[in-house]
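Dear colleague,

I am passing on the structure we spoke about, and my notes on it follow below. Please read them with the model open beside you.

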Amino acid sequence: MSVIIHSVGIVFLNSNGEILVLKRHPDQPEGGLWGLVGGEITQDKKVFDVAKDKAKQETGLDLDTENLIFVNDYEWYRSEYNVIFDIYKYSLDSSPVIKIDPVGSTDFMWQTPLELLKRSDLVPDLYLILKDL
């Protein structure tokens, strides 16, 4: 039986229709690739608590969890584990100041879903999420 990892991802969407993505630190899983803000939901945590904590840790942004809108959940199968990934959208009035966590990420950018889909350096499963937005 494979290990199941339950995670949450946040699609931060600014008023220009752009999504915030972070470039993963080379020492992290999927290092050097661009992905969403988010992380694993441990058994003692709730989805919204993890979303709020990860947003603050990875971007410096304070989330009002009442404004998180469920998009979809995805399940990906790996040889050593399975991932259940709950995706939420969070709309912003602007592109706020982002303070990335240098341990987890090396850079950030705002791009539209169409611009992101043209890139070849995204976390592989992000392409499916972008197509659903």
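Predicted model: local features only at pLDDT ≥ 70, side-chain atom pairs only at ≥ 80, totals over all residues.

Lys89 is found in strand E6, and, once its neighbours within four places in sequence are left aside, Lys89 is in contact with Val11, Leu13, Asn67, Leu68, Ile69 and Val71.

Strand pairing

Strand E6, which covers residues 81-91, pairs with strand E1, residues 3-13, in the parallel sense, and 11 bridges join them. Two of the pairs can be looked up directly in the model: Ile5 stands opposite Val83 in E6, and the bridge partner of Leu13 in E6 is Ser91. E6 is also joined to strand E5, residues 69-77, by 8 bridges, and here the strands run antiparallel. E5 and E6 form a hairpin with 3 residues between them, and Tyr77 stands opposite Asn82 in E6. E1, for its part, also pairs with strand E4, residues 37-40, in the antiparallel sense over 4 bridges, and within that pairing Ser7 has Glu40 as its bridge partner in E4.

Asn82, which is found in strand E6, counts as buried because its relative accessibility is 13%, and the cut-off for buried is under 20%. Apart from neighbours within four places in sequence, Asn82 is in contact with Ser2, Val3, Ile4, Ile5, Trp76 and Tyr77.

The nonpolar cores

Which residues touch the most other members of the largest nonpolar core? Of its 19 residues, they are Val8, Ile10, Phe12, Leu20, Leu63, Leu68 and Tyr90. The elements that give two or more residues to this core are E1, strand E2 (19-24), helix H1 (47-59) and E6, and the largest share, 4 residues, comes from H1. There is also a second, separate core of 16 residues, which includes Val11, Ile19, Leu36 and Ile129.

Phe12 lies in strand E1 and counts as buried because its relative accessibility is 0%. Not counting residues up to four places away in sequence, Phe12 touches Glu18, Ile19, Leu20, Val37, Ala55, Leu61, Leu63, Tyr90, Leu92 and Trp110. Phe12 and Ser91, although 79 residues apart in sequence, are 6.0 Å apart in space, C-alpha to C-alpha. Val8, with its neighbours within four places in sequence left aside, is in contact with Val37, Gly38, Gly39, Ile41, Val47, Val50, Ala51, Phe85, Asp86 and Tyr88.

The largest pocket

About 760 Å³ of space lies in the largest pocket. It is lined by 28 residues, of which Ser7, Arg24, Pro29, Glu30 and Gly39 are the closest to its centre. E1, E2, E4, H1, E6 and helix H3 (126-132) are the elements that give two or more residues to the lining, which by class has 12 nonpolar, 8 polar and 8 charged residues.

Glu30 has its place in the loop between E2 and strand E3 (34-35), and its phi is near 60°, a positive value in a residue other than glycine. Is Glu30 buried, exposed or partly exposed? With a relative accessible area of 36%, Glu30 is partly exposed.

Pro102 is found in the loop between E6 and strand E7 (105-111), and Pro102 counts as exposed because its relative accessibility is 58%, the cut-off for exposed being over 50%. The C-alpha atoms of Pro102 and Pro29, which are 73 residues apart along the chain, are separated by 14 Å.

With best regards

Conventions
Residues numbered from 1 in each chain as written. Heavy atoms only, no water. Pairing = 2+ DSSP bridges. Core = buried A, V, L, I, M, F, W, Y, C linked by side-chain atoms within 4.5 Å. Buried < 20%, exposed > 50% of the residue type's maximum accessible area, 1.4 Å probe, protein only. Contact = heavy atoms within 4.5 Å. 1 Å grid on protein atoms, 1.4 Å probe; cavity = no way out; pocket = protein on both sides within 12 Å on 5 of 7 lines; lining within 4 Å. Points joined across faces, edges and corners; volume = space filled by probe spheres on them. Nonpolar A, V, L, I, M, F, W, Y, C, P; charged D, E, K, R; others polar.
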